Every structure is written in C-alpha cells, then in structure tokens.
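Below is a short briefing on one protein chain. It covers the surface, the fold, the cores and the aromatic pairs.

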Amino acid sequence: MTTLEFSYSLQKLSSSLKPFAMKLTRDVDDANDLLQDTMVKAFTNRDKFTEGTNLKAWLYTIMKNTFITNYQRMVRRGTFVDTTDNLHYINSSDALIENGVFGSFTMEDIQVAIEKLDDVYKTPFLMHFRGFKYHEIADKLQIPIGTVKNRIHIARKLLKEDLMVYKHKN
C-alpha cells in the first residue's frame, strides 16, 4: 500500500474512530486530541501495518493504547486539574492546614512514657530504637526473634496509649 493509499484509508476511517475516542475520554477536546495522536502514530508507523489485515482494528488498538499510556502518565504525575474559575485559590494561604502533632509532645514526655514500661518491653524497644536488628536483639537477650518482635510491638502500643492519655490531659 502506498503512502497516498494509506493516508486516504486513514482519512476514511477517522470518522468511525471519533465515537470510540469520545467513549474513552468523555470530552470533545480530549477526544479530538486522542484521535489526532492516533492518526499521527498510525501514519508514522505505517510500515508496521501488514497489508491485508484489518486497518480499523489496528487503529482502535493504537487509540486504546495511546489513551492508556496518556492516562498512566497523568496519574504518575499526580496532576491536579482545577475546574473552578477561581484559580488563585490553589496557592492561597487560606487553604493551608497545619499539622499540630509536632508540638504536642516534648522529648521529656516521651522519655517519661518509656521509663514507665516494664523492662521486658523497654529493653528490646530501646535496642531497636538505637538501631539493633531483630536478630541482634534476640541473640543479645537470648530470646526467640518472634518474642522480640512481639515485645517491641507491645511497647509501641503501650507508649501510644500512654502518650494519648497524656495529650488528652493537657
């Protein structure tokens, strides 16, 4: 198939691809962009088309794959599309929400809560906090690794409960 014949076939099939583009994008402008991208990709890759096969199916596949690729790219970017007319609101300081958790506890409060722990929980917790691996703690304390993990878990839970009680008192 010559380039002219291929071009003519693409032009003939473009009108039948438009409804599929609308179904995928649900927007007229995006559908037109998708249709154009599909036609450009089909034309630039015309050497990959095997004559005698279904050109329409080939174009549908290109369109579907282009849509999926564009969608994945948009999701990866984490693009936020603001459809409001008030675009300056995005950067306004009125939308700023501060997280007050950083100022809620002092290191002294945390230290007091740790000191309240039984030694059976405090020792493995502090070792883990200082950077020891589970297996190192188990070897040092001569207890099974599962027991080490369990005691550290319980210590965290007790600390959380103790600090939440402290927070509600103040």
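The model is predicted: local features need pLDDT of at least 70, side-chain atom pairs count only at pLDDT 80 or more, and totals for chains, interfaces and linings use all residues. Residues are numbered from 1 along each chain as its sequence is written, and side-chain values use heavy atoms, with hydrogens and water left out.

**Fold and burial**
- The chain has seven helices and zero strands (DSSP runs, numbered from the N terminus: H or I of at least four residues for helices, E of at least two for strands).
- Buried residues make up 23% of the 170 residues (buried is under 20% relative accessible area, exposed over 50%, partly exposed in between; 1.4 Å probe, protein chains only).
- Of the contacts with a separation of 6 or more, 59% are between residues 24 or more positions apart (contact means heavy atoms within 4.5 Å).

**Nonpolar cores**
- In the largest nonpolar core, of 17 residues, Leu10, Leu17, Leu55, Leu59 and Met63 touch the most other members (a core is a set of buried Ala, Val, Leu, Ile, Met, Phe, Trp, Tyr and Cys residues joined through side-chain atoms within 4.5 Å).
- Helices α1 (3–25), α2 (28–44) and α3 each supply at least two residues of this core, and the largest share, seven residues, comes from α1.
- Leaving aside residues up to four places away in sequence, Leu59 touches Leu10, Leu13, Leu17, Thr38 and Ala42.
- Another core, of 14 residues, lies apart from the largest one and includes Leu117, Phe125, Ala138 and Leu163.

**Helix α5**
- In helix α5 (residues 119–129), the buried residues are Lys122, Pro124, Phe125, Leu126 and Met127.

**Aromatic pairs**
- The whole structure holds six aromatic pairs (ring centres of Phe, Tyr and Trp, the last by its six-membered ring, within 6.5 Å; planes under 30 degrees apart are stacked, over 60 edge-to-face, the rest tilted).
- Phe20 and Tyr60 are a tilted pair because their ring centres are 5.0 Å apart and their planes stand at 55°.
- This pair joins helix α1 (Phe20) to helix α3 (Tyr60), 40 residues apart.
- Phe125 and Phe129 are stacked, at 6.4 Å centre to centre and 15° between the planes.
- Phe125 is buried at 12% relative accessible area, whereas Phe129 is exposed at 62%.
- Phe6, Phe49 and Trp58 are linked into a cluster by ring pairs.
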